[in-house]
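Here are a few quick notes to read alongside the structure. Have it open and follow along point by point.

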Amino acid sequence: MATMPDVRKDGFRLSMLLYDTRYRSITLQVIFLVLFAAAAWWLIHNTVENLKALGKDFSFGFLTVRSGYDINQRLIEYSSDSPHWRAFLVGLLNTLLLAALSCVTATVVGVLAGVLRLSKNWLVARLMTVYVETFRNIPLLIWILLIFAIMTESMPAPNAFRGENPASSMLLFDSIAVTNRGVYVPEPLFTRSLGNLDLGVFLVSWDLLVIIAVLLACVLANRALRKNAETVQNATGVRPVTWWKSLLIFLVPLAALKFALGFHLGLPELKGFNFAGGTHLRNSLIAMWFALTVYTGAFIAETVRAGILAISRGQSEAAAALGLRPGRIMSLVILPQALRVIIPPMISQYLNITKNTSLALAVGYMDIRSTLGGITINQTGRELEGMLLMMLTYLVISLVISMAMNLYNSSVKLKER
Amino acid sequence: MAVTFVRKEMLPQQPPPSSQVGPVRWVRENLLSSPLNIFLTLAAIYVIYVIIDHVGPWLMNSVWNAGSLAECRQILAGESGACFAVINDRWRQLLYGFYPSDMYWRPNLAMVLLLVAVAPVLFDKLPRKMIWFSAVYPFIAFWLLWGGSLWLPLAVIAGFAIGYAVFRGLSPMTNGALAVIAGALAALIWWFVAAAAVSDVLQSVIPLGIAAVPSREFGGFMLSIIIGVTGIALSLPLGIMLALGRKSDMPLIKMICVGFIEFIRGVPLITLLFTASLLLNYFLPPGTNFDIILRVIIMVTLFAAAYMAEVIRGGLAALPRGQYEAADALGLDYWKAQRLIIMPQALKISIPGIVNTFIGLFKDTTLVVFIGLLDPIGLSNAIRADSNWNGIYWELFIFIGACFFIFCFGMSRYSMYLERRLKTDHR
Amino acid sequence: MKKSVFLGTLSLTALVAGFASAATLDDVKARGTLNCGVSTGVNGFSAPDSNGVWQGFDVAICRAVAAAVLGDPMKVNFITTTGQTRFSALASGEIDMLARNTTWTFSRDTDLKFTFAGVNYYDGQGFMVKKELGVSSAKELDGATVCIQTGTTTELNLADYFKSNNMKYEPVPIETNAEAQQQYLAGACDVYTTDASGLAATRATFADAENHIVLPEIISKEPLGPLVRQGDDQWADIARWTLNALIAAEEYGVTSANIEELAKGTENPEINRLLGTEGELGAMIGLDKDWAKRAIKAGGNYGEIFAATIGEATPIGLARGLNAQWTQGGLMYSPPFR
């Protein structure tokens, strides 16, 4: 502080730490820091003492021990012989899957409901109001339990598909089975599969990578085509016909790929107790997904409605004066402007979805909270380490989401010049 | 030249065509104005039909008086119907938990007084003096719900009096900040050293109190309301501090506040509840052990404080800069400016947000079922573990859901009313 | 700001009341109530009735200990715990004993640092299926969907059993018994697995109990018993010998009906020692001489408790089986009161 321009020459007095505004904030911060450090030390000291008293240590070694329990929905290789960290990873992927699916559908449902709530159709508007109010004012946990129960009770058991005159039958040419254990849909199979890419922690199918690569190439090629058409149009005023070229660009490589990989669909069929083959979307996933979608959708609907109402009437009248149809007015004029109002509260709704996935245990969906925070903690007795790890994971997910959304927000924000 | 017809008198007014009046017009305009609208109307009618068709008969057939599910089934004789007898049998438990039934007047009174206490906050037409009752209310409620000696809450209130007396006594001699610190210290010393002992002594000299009820007996909606209301009430001061800290120009304080807020907002409530139930004992001195409901209230308070801080930060941001500058121009110091100019306005703007936070928190109290507390959902599990009601499902959840709905819907209507009123204020 | 201090005071009073000392017995006596951890609701074992009074087999053990220590079986605080919070609650001193269908295992006894007071119910994990599946043995369950209650030893047993028999299965983890039951009845799983007692209790409440069978295989040993913290031997002794007193009382024919009669003195010195008319057994565990008499009077002897809460006359209808007295071919065997 020696460089500070000091007009008064009567030197430094201790009381200046408190009375002089130049020093006061530093004094306060130092006091605060000391208090904070003392509190932190106190907590850590207590923890160490308590651990000692219990004869426990603080180590994450339990993560490498054999887990011993099975998980039904696993996106990566896992069995009861796998270590606990793998169970944690399986749970983490399940959490992320559920959160991603729910964010997408909740947005769709929310925007639809928000728009319909402003519909001129009296009945529809009232129905949407009822929907929004019922879901907003009853706890999510109750909805999850109710939806899970409704799905269990109202769908047929696999048994109903059995026999000469089954009580239920599969949908869409025997390709989809809707049961109270979940929905079985066809899975993609490859007779000439390229095998898997071993990333050490988990495997990634080469087939998937190749398909993504080919699709990406198609999109890029198509973009080049359109750009070219644009240039031609700008130069000559006539846009060349491109639709059949686009179609070719997409269809030919994909058809070639399908043939090269020997792609076909594996249909689910009733075998033994259950349907075998196909991809099994479990009831717990669907119930959580649906519950999070409709619950958060109700909140998003309110946000969307507020966003739309915030756009002045002049905008829609101007659009109408230009001769746009009502649907076009909504999608071209109102929604893009409303988006700027809608996005910030939307970020917190996405965060809420992610955090609310932790209720999955109520229906037995094996997310991170049920694997690491549930069975693992329970079997190993490592609640301190397990909870810390789990909180940290949620924190990282939340921060990543809010960072990504903030980036998006600043990209659509009204550029003020 | 032919004389053209010239009308001499006005025609009598015709009624508008039938398609342009009354219900027909309303239906045409509101339900059938375009093909899309017709489709939507039909879809909506179908949805309503399906719901009524599925739930209607079941509700109409409800049984309200039976001793067990088996008895219900007997009465229904194979027909589908709801067995609301379980609500008839257990509604007291769902509302009050295990609170002694001859003392139900205490939570009831506390609830009524709660309404009286929040009234001056929510409706600004009431006399300002009532705010004093709001300040004393927490002690009354604590005493009513937990019971025990009246001296304990009185001793706590005495702490405030002592603190204030010290402050008044010192403030002429020294400057304000020191007096505040001394007053706070005096109050803290009183609370942590003397209050419990003094109230015990007074209790033994002049016994004054009502039967104590341990918090173990709390349950059902009473528990949800207690956790929700205490959480919000306690988180308000904490939230104000955090919001101010976040806006502070002292980097260290700002950093800590931001860190705290973002941490709490980044993790699910359920992990905080697990911390309350599994981990809090690690963080406290060995041998300390206190009630799980208190631990839950502490964690819920911290949780709500982070959200409250964001709501209040919004209120602070919405305040025109002129207000801050005017306060500075008047020569008010930071705390005086906050207390007299900024906070009263910022809090007023924030009330809808605070009510919404409360609704969210109140709904989130259902999560305590995961740590074994008997909130309404927890009680529904316990009730279903009784042989009489094993297997009952929908009726309990419908009842619980309906109660939550009434409560939350009422509050959200109130916050909407406030928002509307505040809007007109600022135009 | 006033309210935050209110919280401080709340926790302050709780702190003053809550410092747990080493001797649990002194704590309990000073407090005047026993803090007993039970489950949030298992049919027949612990559940509140419509008056809010806890009833059940595990609850009866708590009441017996409270009667022995405090003289009043109603002086129990029942603290509900989930499968996940129970051990923390006991380790932290929040509860004095845990009577919550807890399986006595090596690691719980040693690594988690608890002491099991004995076994009040010998159980084992079983399977229940619908009759129409035509399954008669658990070995035929390859590929089945299995409902399990999560947070217990059952999911480990299940994984081991199917692995060792080289079968596949689809686990459906469920939080509570009530949910699992609903899933099973709706056919969302083919099999419901939990302790055999739980299966019988669940089956008993079905509208069509005759259409469901419990398979003969019992895939695990599940000795369930009350437990206390390690390191307080006196308290562990009290819990252990209260349980033993109930078991011994049944063996010697001491019931709640004839206990007053027998307490005046009998020809059998063992009964006399048990009921405190001879010797100083109570003093050895820090209680008075009537402790066992009160414990037995609280809910009857082991057999009476069993019959009243989960026995064949109740809707749950469990047979004594392994839980009969050793003299009847069961495993209930109390060491001598001497």
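1. Let's begin with overall shape. Keep in mind that this is a predicted model. Chain B has a radius of gyration of 30 Å, whereas a compact globule of 427 residues would come out near 22 Å. Along the principal axes, the C-alpha atoms of chain B fill a box of roughly 115 × 75 × 40 Å.

2. What is chain B built from?

3. Now for how the chain packs. Of the 427 residues in chain B, 40% are buried. If you take the contacts in chain B with a separation of 6 or more, 66% of them link residues 24 or more positions apart.

4. Have a look at helix H15 of chain B, which runs over residues 376-384. Is this helix mostly covered or mostly open? Mostly covered: nine of its nine residues are buried. Among them are B:Ile377, B:Leu379 and B:Ile383, and the buried set also includes B:Ser380, B:Asn381 and B:Arg384.

5. On to the partner chain. The contact draws 42 residues from chain B and 43 residues from chain A. On the chain B side, the elements that give two or more residues are helices H2 (35-60), H10 (251-266), H11 (269-283) and H16 (394-425). H11(B) supplies the largest share of that side, with nine residues.

6. Which kinds of residue make up the side of chain B that touches chain A? By class, there are 30 nonpolar, eleven polar and one charged.

How values were computed. Residues are numbered from 1 along each chain as its sequence is written. Chains are lettered from A and ligands numbered from 1 in the order in which they are written. This is a predicted model: local features need pLDDT of at least 70, side-chain atom pairs count only at pLDDT 80 or more; totals for chains, interfaces and linings use all residues. Two residues are in contact if their C-beta atoms, placed from the backbone, lie within 7 Å. Helices (H or I, at least four residues) and strands (E, at least two) are DSSP runs, numbered from the N terminus. Ala, Val, Leu, Ile, Met, Phe, Trp, Tyr, Cys and Pro count as nonpolar, Asp, Glu, Lys and Arg as charged, and the others, Gly among them, as polar. The radius of gyration is taken over C-alpha atoms; the globule rule is 2.2 Å times the number of residues to the power 0.38. A residue is buried if 20 or more other C-beta atoms lie within 10 Å of its own, exposed if 12 or fewer, and partly exposed in between; C-beta atoms are placed from the backbone.
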